[in-house]
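Let us take a walk through a protein model together, one stop after another. Keep the sequence and the 3D view open as you read.

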Amino acid sequence: MNDEDRQRLKVLTAGILGLLLFLGIARFSYTPLLPLMREQAGLGVAAGGWLAAINYAGYLSGALLAMTISSLALKDRLYRASMVLAVASTVLMGLSTSELVWAVSRFAAGLSTAGGMLLGSGLIMNWLMRNRHRSELGIHFSGIGLGIAGVSAVVALLSLWLDWRTQWFALAALGALVAVPAWRWLPRPDVTPLAGSGAHMQDKPPGRVFLLLMMLAYFCAGAGFVVSATFMVAQVGSLPGMAGKGALVFLVAGVAAAPACIVWDLIARRIGQLQALTLASGLQAFGILLPVIGDGLLAALAGAVLFGGTFAGIVSLVMAMAGRFYPTRPAKLMSKLTAAYGVAQIGAPAITGLLAGQQGSYAAGFYLASGVMVVGTLLFGVLWLVERAGGAAPAGTPRTA
């Protein structure tokens, strides 16, 4: 392995470890710990939904902030500050039983996650393109699934010995450990206008109709994603004979998500990105329903595989499209799309929590999320038709197929 290959490996590993911190620990550790907090810390059903909504409010705020930043150097500083915030927000969860303190923690965690997803992904893509590497983020986004699977396994193991509070502290310590190589192995950004090949990197933004439809479709994807990602463990555990099985199902979802970005990238190369997005969205709509309409552990595991195997792929494909439209400023469109994704992630868990408080089950929220995903699938299909009609972007913009 030559020096160039080693550097690429270190940069990609830094991105993956960053996502382990932001997505696995700061954000998704709440999902497997939610049942434990309800049992040991007195967290109510509806309050669990509101805390999830506040987390995504922080995520949306971070996305809107990222949208206003053009300087690569400032993005790099904020990305590194987000690592510190991710660890601090995790510590804060274990310091109190106050819902107000938990709300502050969840908002801060969401804010840090936006920095990790948008600024970090933009920095990674910028480095790849400037150094003549493929701009696909499939390997980078495998950190999402690895984070979910990793935190599920850690929580399942720690639950044998530690209570909810000590687990938050243990996860914070793990996050601080992961942050060290994630920080050190990511180079400071190159702000020159030339790529490593000497080719000028030129932004070619999409057309207005295409962008609007993409944002609406991604909004639907956000609503479908957040309900399963937040309440899967609690929903599965509430089914007859399934007590304690929710963590296993969430772990399987994470394992399925780990290679999903690479798999969907290969599928997209074969059939086109929008076609792949349409297929992935439809499969996710079905996967969301399986833990509700299925009978027993097998159905729940199948739903987890479909959910995990599609949501990360959708994120990766959409973010990669954004990077190709804006190679010099990939976070620009990523932030707009993530804002749409984030708005859905505020409303959906709050509504699900309210429905669960009234009905004593999260099932209604899962039905709603699946229905929204069906709408998103149709919108991705319309985008495919718009692209075929030549309306994907102004003349000269690279095709997404």
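**Starting from a glutamine**

Gln 235 sits in helix α8, which covers residues 208-237. Helices here are DSSP runs of H or I with at least four residues, strands are runs of E with at least two, and both are numbered from the N terminus. Is Gln 235 buried or exposed? It counts as buried because its relative accessibility is 2%; buried means under 20% relative accessible area, exposed means over 50%, and partly exposed lies in between, using a 1.4 Å probe and protein chains only.

Before we go on, a word about the model: it is predicted, so local features need pLDDT of at least 70 and side-chain atom pairs count only at pLDDT 80 or more, while totals for chains, interfaces and linings use all residues. Residues are numbered from 1 along each chain as its sequence is written, and side-chain values use heavy atoms, with hydrogens and water left out.

Leaving out neighbours within four places in sequence, Thr 352 is in contact with Val 227, Phe 231, Tyr 362 and Gly 365. You can find Thr 352 in helix α13, residues 330-359. Thr 352 is classed as buried because its relative accessibility is 1%. What lies 2.8 Å from a polar atom of the Thr 352 side chain? It is the backbone oxygen of Ala 348. For a polar contact, a pair of N or O atoms must be within 3.5 Å; within protein, one must be able to donate a hydrogen and the other to accept it, and residues adjacent in sequence count only if both atoms are side-chain atoms.

Now look for helix α12, residues 297-325, which holds Val 318. With a relative accessible area of 1%, Val 318 is buried. Beyond residues up to four places away in sequence, Val 318 touches Met 214, Tyr 218, Leu 277 and Leu 337. From Val 318 to Leu 266 there are 52 residues in sequence, and their C-alpha atoms are 14 Å apart in space.

Next come the cysteines. A disulfide is a covalent bond between the sulfur atoms of two cysteines. How many disulfides does a search of the whole structure find? The search finds zero, with a disulfide taken as a pair of cysteine sulfur atoms within 2.5 Å. Cys 220 counts as buried at 6% relative accessibility, and Cys 261 is buried too, with a relative accessible area of 1%.

Let us turn to a pair of helices. Two packed helices are described by the angle between their axes and the distance between the axes. The axes of α4 (residues 72-93) and α5 (residues 99-130) come within 7 Å and cross at roughly 145 degrees. Here the axes are lines fitted to C-alpha atoms, for helices over the stretch in contact, and angles run from 0 to 180 degrees between N-to-C directions. In the contact between α4 and α5 there are 15 nonpolar, eight polar and three charged residues. Ala, Val, Leu, Ile, Met, Phe, Trp, Tyr, Cys and Pro count as nonpolar, Asp, Glu, Lys and Arg as charged, and the others, Gly among them, as polar.

Leu 92 belongs to helix α4 and is partly exposed, at 25% relative accessibility. Apart from residues up to four places away in sequence, Leu 92 touches Val 101, Val 104 and Ser 105. Ser 121 belongs to helix α5 and is buried, with a relative accessible area of 0%. The side chain of Ser 121 makes a polar contact of 3.3 Å with the side chain of His 140, and a polar atom of the Ser 121 side chain lies 2.4 Å from the backbone oxygen of Met 117. Ser 121 and Ile 16 are 105 residues apart in sequence, with 9.8 Å between their C-alpha atoms.

Key
Contact means heavy atoms within 4.5 Å.
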